[in-house]
2 protein chains.
Amino acid sequence: MITEELMKSISVKNPAKMLMLVIDGLGGLPIDGKTELEQSHIPNLDKLASKSVCGLADPISPGITPGSGPSHLALFGYDPINYQIGRGVLEALGIGIQLTEGDLAARGNFAKMDEKGIIVDRRAGRISTKINKALCDLLQNGIEEIEGVKITINPGKEHRFVIVFTGEGLGDGLTDADPQKDGKPRIPTSATSDSAKFSERVINLFIEEATQLLKSQDSANTVLLRGFSQVPKIPTLTELFKIHPAAIAVYPMYKGIARLVGMDVLNTGEGIRDEIKTLRNFFDQYDFFYLHIKDPDMFGEDANFDGKVRALEKVDEFIPDLLDLEPDVLVITGDHSTPSLLKSHSWHPNPILIFSKFIRTDSVERFDERSCLLGGLGRIPATDIMPLMLANALKLKKYGA
Amino acid sequence: MITEELMKSISVKNPAKMLMLVIDGLGGLPIDGKTELEQSHIPNLDKLASKSVCGLADPISPGITPGSGPSHLALFGYDPINYQIGRGVLEALGIGIQLTEGDLAARGNFAKMDEKGIIVDRRAGRISTKINKALCDLLQNGIEEIEGVKITINPGKEHRFVIVFTGEGLGDGLTDADPQKDGKPRIPTSATSDSAKFSERVINLFIEEATQLLKSQDSANTVLLRGFSQVPKIPTLTELFKIHPAAIAVYPMYKGIARLVGMDVLNTGEGIRDEIKTLRNFFDQYDFFYLHIKDPDMFGEDANFDGKVRALEKVDEFIPDLLDLEPDVLVITGDHSTPSLLKSHSWHPNPILIFSKFIRTDSVERFDERSCLLGGLGRIPATDIMPLMLANALKLKKYGA
């Protein structure tokens, strides 16, 4: 098993440029005999596959369906079992909150309880997003900090919000302050380790103060918090691999994960065309680019087979633009499969191609699941992708003498 | 993940004979569409491949380019991340010094310093090998031991030597006693762990005594030492697998690594023909043979594509001689790829074939990188080779009931 120490010791800086194109939810399953990729007319990807070395990449391990957090950590070369991004942190990243190491985040609900402290509606009747925003303002203005810990409350949709605790000495390992069901009493959070004792105290004080502030409100009179999690201590890509990385993504969660591993997140627009333009504009300034394309996953989640086919065909149109930039190493793969048949992420491996000067090309002439099966990369865990990219960019020294 | 304990517990002794032919730098990359192997006329290897089970073996892990130390440890069944052979030890092995467990070795330079202790020439004007030898004799005669630690000084070429410290209580983890650049003061070594404190003391005393002895010399007046490393504690192949192994190699480094893992190193001549003769002469006396062939790697390092092709064709001529010996298990593979295109070791996997009575043959009919991709072994880490050889020799019992 290669280690982070090994990678640190053999990585070297050079100007070679690497581009990792992540097509969210790339892999699929056959419906009427063909997967979405197999059904797609993607001549540019096919032509590129025929000049590349291809294969299949398991996001985590055979049979394991990943969320976006672990699947992206693996793509970026981190052990996704060792580093975990908790629910609260992922939720915060998903709505675009910038977090730094040590921050503790949680998901919140506005809720209704009766005079005996029994939760009668965990979602406070799904209050409007507008009322939610007003309640968040009320809490934020009333509670700026607790025992030196800064409180930041970020409204979401309907009854949902995300809360971030920022300060010294906050530990992880806390139970949900949420009975999960209506008709049960409100409960405080409880530390599951000594290092979370101070967090427990601050959080429970926050819940009391928030409940006091909400006392006279009609729509909600308390808050429930769950999914407490701390931004993990994670070495940056620069520390591990001596690269200068940038991320181009439209959706906040992907920007957030990229920021967590030390990438610069570049401002871009709303579509692939904007993302490619951003890539072109910044191509001189970085040696690693993560370019994220969301649409195929969304159509897969909606069980929209034809929509996913069209989204893949749309990606294909932009491949010549990527090649025009002449990256030294180009990788195209997915973070996980999202088969329309399952309407969700799945465990199936993703097609992958690596295009560089230093590959053994193979017989693959079509960029789809079953063609890539016979590719020269064979079947690899996604965590091997980063070492392979770095090797092809000649950014790894020999290990040992 | 299989462990050494598991292998110890299931290995059994029997008379079956195993031969591992390691063609150094076997794998390549295509130039004008073909790799060196693909360009080679190797009818004997092709015929053997068609009767064998084939595949591709990653020396360490995808993307990682190994030196000869880790790549051979992996071939012999050792975890090459867990066991590391340091620079000093490898240098010592490379010039044929026999080392035993606990020995501490380092690379040395004769150097020139001014009266203030500033190193003015780290290589002492690249003194002749003859003067080097005289200076080594001077030091060796003057310093036999320090605080019970035996000192052995071995001249190399020009200003270089290798020093070995032999004694009780020598620990590893020492910084270089070498400023690495001219114009900087001479520096002592410094222990990076408590267990290396005694080594630090002995080494720094040696440097002082050597500098005293060199005081009146014109060509060099001090020594610089770097790459301190200790022979790793490593179980022998006999301890792990109950085999009686022998090595046949021309170059000292490969003999040295083989000796480290407990092989008998057989005297042989300068070429493949001599090595095969040695194999034949000793075939009755051992049950495992490691046969190392160097030439393809050297041509690869020289970017000599045609030379590597010819070297591979030369190996092919001797395949019938190996088969005449009727080994029960024959493995042919490389320690790492050395593509002429890269002029160096590389991370690409090597073709491998296993020939025995107990294999599932596959459709591979050509012994090259792209043909072996479709072989029955698939893509395996090199550490799986030894268990597969032992299994095919029926030297492994069932694991569990």
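Which residue in β11(B) is the bridge partner of A247(B)? In this predicted model, in which local features need pLDDT of at least 70, side-chain atom pairs count only at pLDDT 80 or more, and totals for chains, interfaces and linings use all residues, the partner is Y290(B). Residues are numbered from 1 along each chain as its sequence is written, while chains are lettered from A and ligands numbered from 1 in the order in which they are written.

**View 1**
Strand β11(B) covers residues 288-293, helices (H or I, at least four residues) and strands (E, at least two) being DSSP runs numbered from the N terminus. Of its 6 residues, 6 are buried, where buried stands for 20 or more other C-beta atoms within 10 Å of a residue's own, exposed for 12 or fewer, and partly exposed for values in between, with C-beta atoms placed from the backbone. F288(B), Y290(B) and H292(B) point one way from the strand, F289(B), L291(B) and I293(B) point the other way, and all are buried. β1(B) pairs with β11(B) in the parallel sense over 6 bridges, and pairing here requires that DSSP find at least two bridges between two strands. M18(B) has F288(B) as its bridge partner in β11(B). Strand β9 of chain B (residues 245-248) also runs parallel to β11(B), joined to it by 4 bridges.

**View 2. Helix α4 of chain B and its cover.**
α4(B) is mostly covered, with 8 of its 8 residues buried. The buried residues are S68(B), G69(B), P70(B), S71(B), H72(B), L73(B), A74(B) and L75(B). Their cover includes β1 (18-23), α5, α9 and α15 (385-392) of chain B. Just after α4(B), G77(B) takes a positive phi of about 95 degrees.

**View 3. The crossing of helices α5 and α9 in chain B.**
The axes of α5(B) and of helix α9 (residues 252-260) of chain B come within 7 Å and cross at roughly 115 degrees; axes are lines fitted to C-alpha atoms, for helices over the stretch in contact, and angles run from 0 to 180 degrees between N-to-C directions. From α5(B), the contact takes L90(B), L93(B) and G94(B), and from α9(B), P252(B), M253(B), G256(B) and I257(B), two residues being in contact if their C-beta atoms, placed from the backbone, lie within 7 Å. By class, this contact has 5 nonpolar, 2 polar and no charged residues, where Ala, Val, Leu, Ile, Met, Phe, Trp, Tyr, Cys and Pro count as nonpolar, Asp, Glu, Lys and Arg as charged, and the others, Gly among them, as polar.

**View 4. The contact between chain A and chain B.**
Chain B gives 28 residues to the contact and chain A gives 21 residues. On the side of chain B that touches chain A, at least two residues come from each of α4 (68-75), α5 (87-94), α14 (369-372) and β14 (378-381) of chain B. This side of chain B holds 14 nonpolar, 10 polar and 4 charged residues.

**View 5. The open sheet of chain A.**
The sheet has 8 strands in the order β10-β9-β11-β1-β12-β13-β2-β14 (chain A), with mixed pairing. β10 (264-265) and β14 (378-381) of chain A are the edge strands, each pairing on one side only. Strand β2 of chain A (residues 53-58) pairs with β14(A) in the parallel sense over 4 bridges, and G378(A) in β14(A) is the bridge partner of G55(A).

**View 6. Two loop residues with positive phi.**
K343(A), which is not a glycine, has a positive phi of about 55 degrees and is found in the loop between β12 (329-333) and β13 (350-355) of chain A. K343(A) counts as partly exposed because it has 13 C-beta neighbours inside 10 Å. E326(B), also a residue other than glycine, has a positive phi near 55 degrees and lies in the loop between α13 (319-324) and β12 (329-333) of chain B. E326(B) counts as exposed because it has 9 C-beta neighbours inside 10 Å.
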